[in-house]
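Here is a short briefing on one protein structure. Sequence and coordinates come first, then the points by topic.

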Amino acid sequence: MKVEIITTGTELLLGEIINTNFTYLAQELNRRGFDVLYQTTVGDNPERMEAVLALAASRADVVITSGGLGPTRGDITKELVAKFCGTDLYMNLEVWNHIHTLLSKRNICIAANNDKQALVPSGAVVLHNETGTAPGLVLEHGKTLFVMLPGPPFELKYVCQHELFPYLEKKFPELGIIKSRTLKLKGIGESNAAEMLDDLVTHQTNPTIALYARNGSILVRLTAKAASTEEADAMLDAMQEKAEAVIGSYVFGYDGETLPEVLGRELLARNRTIAFAESCTGGLASSLMTDVPGSSEYVKGSVVSYTNEVKNLVIHVSKTTLDRKGAVSEEAALEMARGVREVIGSDMAVSITGLAGPGGGTRKKPVGLVYIAVNDEQGEACRKFNFSGTRTQIKNRAAMAALGFALDRLKEHTVQKISEETINHHGADR
């Protein structure tokens, strides 16, 4: 069932508001088995809107509009859909009573143009809107189903959840569902992940596999279309097993999980605390960690050691290291992690030092060079990175890499501990 979503309003084209309605509708409709294939945004212009409606009707089974159902002269969606379908508008007394009752309860003076919102195309199904004055509408014309939804996101979601989705599920019971699962990767680039998964991607049918980058992580989205949730889950389980056989070592979480959440959960499970010493990231890694509710249980503190003076006086990076090796060096990163752990008294410490740019780079130390070090009860380690992108992108990638390094370190020690306990246990048996 092919769907086109038309969002209306000149304010969208001017960039004055973000088009969240499309995102919501696309996600919810795809989940219910509809194929959202087209999306159009058009201003409040009759000629252009008529052309958009005609094009949508020629290529989609369901055409959904949002916006343009208000009381002003610029709200023309309903009138133009009715015109396209060759039907008249009539005053729907149930809708009229709802409008007057709602406005009276809100102590809003009822204007003459509010009656415009009670006009309904003949033959249309009214989708009741208890949160606003504009009802949603469904109108069939030939092989096309037109759905008109109010523009305010809160109202649109209410009408969808309480009226539209139940209507569509009853009208199209054979569509089944589309369900997705996302594997989140760290420590690997998009091109390398794509190369490793190439055989699965090449031979994909159902479920499908898609890769994309977002917020410093690589996401692998698995999507299954099935008759039931149980069948879709089984298909996704099988595909996830195949994917993780190839990239499992890079997977840190699933679906809505974030790297700061996963790291925090691992710290909490091990009863460990963490501290940060940040230079080029300016406190971003600490901020990402403390965005998670309850993070005070494991984030003990942070030092934004942006200058050499702070590196030396606060977290005790030696002047000799700073003078001979420079602030952007493995030696400085190791001393930063060592120093901040000692000063704050955490179980683990992570340091980040580098060149975020756009200036300041040299041939030996180019923009994007970042050293990240971890210090804990097992010792210390440092990793060198060469990131590309804008200043903001480099800072974000460095912060995410630091959290990923900390997570790797925690899991590495867990594996070692289990191995040691196994060896000791077997030794005792002998």
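**Leucine 149 and its surroundings**

Leaving aside residues up to four places away in sequence, leucine 149 touches Leu25, Ile64, Thr65, Ser66, Gly67, Leu69, Leu127, Leu156, Val159, Cys160 and Leu164. The model is predicted.

- Leucine 149 lies in strand β8, residues 144–149.
- Its relative accessibility is 0%, so leucine 149 counts as buried, the cut-off being under 20%.
- Glutamate 342 is 193 residues from leucine 149 along the chain, and their C-alpha atoms are 59 Å apart.

**Four-stranded sheet**

- Four strands form an open sheet in the order β10-β11-β9-β12, with antiparallel pairing.
- β10 and β12 are the edge strands, each pairing on one side only.
- From one strand to the next, the twist averages 25°.
- β9 and β12 run antiparallel and are joined by three bridges.
- Leucine 183 has tyrosine 254, in β12, as its bridge partner.

**Helix α9**

- Helix α9 has 19 residues, 229–247. At 1.5 Å a residue it should span 27 Å, and its end C-alpha atoms are 26 Å apart, which agrees.
- Buried in α9 are Ala232, Met235, Leu236, Met239, Gln240, Ala243 and Ile247.
- An α-helix has 3.6 residues a turn, so residues three or four places apart point the same way.
- Exposed residues Glu230, Glu241 and Ala245 are on the face of α9 turned away from its buried side.
- The cover over the buried residues of α9 includes β9 (177–185), α7 (190–196), α8 (198–202), β10 (208–214), β11 (217–226) and β12 (251–254).

Definitions and conventions. Residues numbered from 1 in each chain as written. Predicted model: local features only at pLDDT ≥ 70, side-chain atom pairs only at ≥ 80, totals over all residues. Heavy atoms only, no water. Helix = DSSP H or I, 4+ residues; strand = E, 2+ residues; numbered from the N terminus. Expected span 1.5 Å × (residues − 1). Buried < 20%, exposed > 50% of the residue type's maximum accessible area, 1.4 Å probe, protein only. Contact = heavy atoms within 4.5 Å. Pairing = 2+ DSSP bridges. Axes fitted to C-alpha atoms, helices over the stretch in contact; angles between N-to-C directions.
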